[in-house]
Amino acid sequence: MKKILFVASEGMPFIKTGGLADVVGSLPKTLDKEYFDCRVILPYYSFMDQKWKDMLEYRTNFYMDFNWNRCYVGIFECVYEGIHYYFIDNQDYFTDLKPYNGMPYDLGRFAFFDKAALSILPTIDFRPDVIHCHDWQTGLIPVYLNSYFQENEFYRGIKTVMTIHNLKFQGVWDIQTVKDIVGLPDYYFTPDKLEYHRDANLLKGGLVYADAITTVSETYAEEIKMPYYGEGLDGLMRAREHDLRGIVNGIDYDEFNPATDKYIYKNYTAENFRKEKIKNKTALQADLGLNMDPKTMLIGIVSRLTDQKGFDLIAYVMDELCQDSVQFAVLGTGDERYENMFRHFAWKYGGKVSAQIYYNEALSHKIYAGSDAFLMPSQFEPCGLSQLMSLRYGTLPIVRETGGLKDTVEPYNEFEGTGTGFSFANYNAHEMMATVRYAEKIYYDKKRDWNKIVDRAMAADFSWEASALKYQELYDWLIG
Ligand code: ADP
Ligand code: GLC
């Protein structure tokens, strides 16, 4: 049995801010259980839903040297849907109201988390063959493994994979502070290791020391070798291109299933969506205070509200788009300027635009099911899961051709009768608007063709099966 350990800062169903949690919550379940014993380590956030906290069992605690102190490391555990989870507890670090609170605070807590995640392994009696790290919060794991932990035979020979879910976040702070907190010698703070434009960069540490690097789509794996998407690390990505692979994410097909979804108003399938899906739309319109018109095209947006997601394009042409016969259902939280932008449009176009500025799992499913189209004009998108959820619910994605959006949405070709959605190439508001209007035209004037696109969208397979095989190959190759 090969042992794989996931270490991450969030994971469904315990804690989620974005797609990382979906991946950490669904990929381990999909790995072949006959060959892989895959376990997961997460922080014990005190603000986790009580329902989940009640499920966890206290296992033990010990003290660990960290940041010039002896720090408490508590271990909780549970088995959920066949996967063994461990939670690292320290009330000095994980008691805020949300997982991420900005630097340099996050630096300290995730450095602690990384060292603790390695330190608990003998105690929980699990020696992984491969540690699979996710994003900058776990970037120090390959570095610690290379340094401090090499003295202990238990750790020698453990391989590491670093997966980039988002290259924009790297965990960067000044070298002196980082050195003090993480307790690594000067040797590690040179430009070929953690140093990055005179600062220290935790993700870079992970990318330099990991045995393999992956990211969450093939296109993004190519893009990050170029300056526009490389976030200052394109040189390193080029240098390590032989160890870098793009493996597209899947989604949990049990959780996101219009035939059984408990959150939506009316279940439907690929066979009966022509009659049943619309009931989700009218119920959603009623809930959100939109004009109750089943014929009007409803465009959904469910997103973190950050500049990554292309909201500047929407801001630019929203007034024009609102002259059309369309409605928008927006659910999201994030940067204040985008929150206020959507609140403003909801006020200005009451009945046509709804802005729900909070996080809500149930409403997100209702929007995936009830909308006709889903707009995601991202500036960059490592993979994107929302468009996959939309496809699964027969809600046609309108996306910019970047990263995973390019790899998962096939643009409609009216001459060949192919495609699962609509897309445009350049980060340009008028290109986006023209694409939305093209979709409107098909929706209103060629309803039969629209429904055939829905047929293809719902038939597309973005379950985890194929991608899980690729991860398994990678683990096998690393273990040798
Ligand atoms: P990212 O990870 O960059 O945020 P993804 O498309 O990969 O983007 O994943 C976003 C995930 O977060 C999806 O599961 C989406 O439904 C969910 N999500 C984002 N914002 C909200 C919200 N306000 N309420 C509920 N779910 C949300
Ligand atoms: C990141 C990316 C998103 C990706 C998700 C899961 O949050 O922004 O594109 O789908 O991670 O890999």
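Reader: Which residue has a side-chain N or O atom 2.8 Å from an oxygen atom of ligand 1?

Author: That residue is Lys16. The pair is a polar contact, defined as two N or O atoms within 3.5 Å; within protein, one must be able to donate a hydrogen and the other to accept it, and residues adjacent in sequence count only if both atoms are side-chain atoms. Please note that this is a predicted model, in which local features need pLDDT of at least 70 and side-chain atom pairs count only at pLDDT 80 or more, while totals for chains, interfaces and linings use all residues. Residues are numbered from 1 along each chain as its sequence is written, chains are lettered from A and ligands numbered from 1 in the order in which they are written, and side-chain values use heavy atoms, with hydrogens and water left out.

Reader: Which backbone atoms contact ligand 1, and at what distances?

Author: A backbone N or O atom of Leu385 is 2.8 Å from an oxygen atom of ligand 1. For Asn360, a backbone N or O atom lies 3.0 Å from a nitrogen atom of the ligand. The protein covers 93% of the 570 Å² of accessible area that ligand 1 has on its own. Such areas come from the Shrake-Rupley method with a 1.4 Å probe, and for residues only the protein chains shown count as cover.

Reader: How many residues are around ligand 1, and which come nearest?

Author: There are 22 residues around ligand 1, and Gly19, Arg304, Lys309, Tyr368 and Leu385 come nearest. A residue is near a molecule or strand if one of its heavy atoms lies within 4 Å of it. By type, the shell has 8 nonpolar, 9 polar and 5 charged residues. Here Ala, Val, Leu, Ile, Met, Phe, Trp, Tyr, Cys and Pro count as nonpolar, Asp, Glu, Lys and Arg as charged, and the others, Gly among them, as polar.

Reader: Which element gives the most to that shell around ligand 1?

Author: Strand E13 does, with 3 residues. Elements that each supply at least two residues include E13 (297-305), strand E14 (326-334) and helix H13 (361-370). Helices (H or I, at least four residues) and strands (E, at least two) are DSSP runs, numbered from the N terminus.

Reader: Turning to ligand 2, what does the side chain of His165 do there?

Author: A polar side-chain atom of His165 lies 2.6 Å from an oxygen atom of ligand 2. The side chain of Gln308 places an N or O atom 3.0 Å from an oxygen atom of that ligand, and Gly384 contributes a backbone N or O atom at 2.7 Å from an oxygen atom. The protein covers 94% of the 310 Å² of accessible area that ligand 2 has on its own.

Reader: And what is the rest of the shell around ligand 2 made of?

Author: Its residues divide into 6 nonpolar, 6 polar and 2 charged. Helix H1 (residues 19-30) provides the largest share, 3 residues. Of the 14 residues around ligand 2, those that come nearest are His165, Asn249, Glu381, Cys383 and Gly384.

Reader: Is Cys133 buried or exposed, and why?

Author: Cys133 is buried because its relative accessible area is 0%. Buried means under 20% relative accessible area, exposed over 50%, and partly exposed in between (1.4 Å probe, protein chains only). Cys322 also counts as buried, at 5%.

Reader: What about Lys447: buried, partly exposed or exposed?

Author: Lys447 counts as partly exposed, at 37% relative accessibility. It is in helix H17 (residues 447-459). By contrast, Lys193 counts as buried, at 10%, and the side chain of Lys193 reaches the backbone oxygen of Tyr187 at 3.4 Å.

Reader: Finally, the strands: how do E3 and E4 pair?

Author: Strand E3 (residues 57-66) and strand E4 (residues 69-80) are antiparallel, with 9 bridges; two strands pair if DSSP finds at least two bridges between them. One bridge joins Asp65 to Arg70. The two strands form a hairpin with 2 residues between them, and Asn67 in the turn has a positive phi of about 50°.

Reader: Which strand does E4 pair with over 7 bridges?

Author: That is strand E5 (residues 83-89), again in the antiparallel sense. Ile75 stands opposite Ile88 in E5. This hairpin has 2 residues between its strands, with Glu81 in the turn at a positive phi of about 45°.
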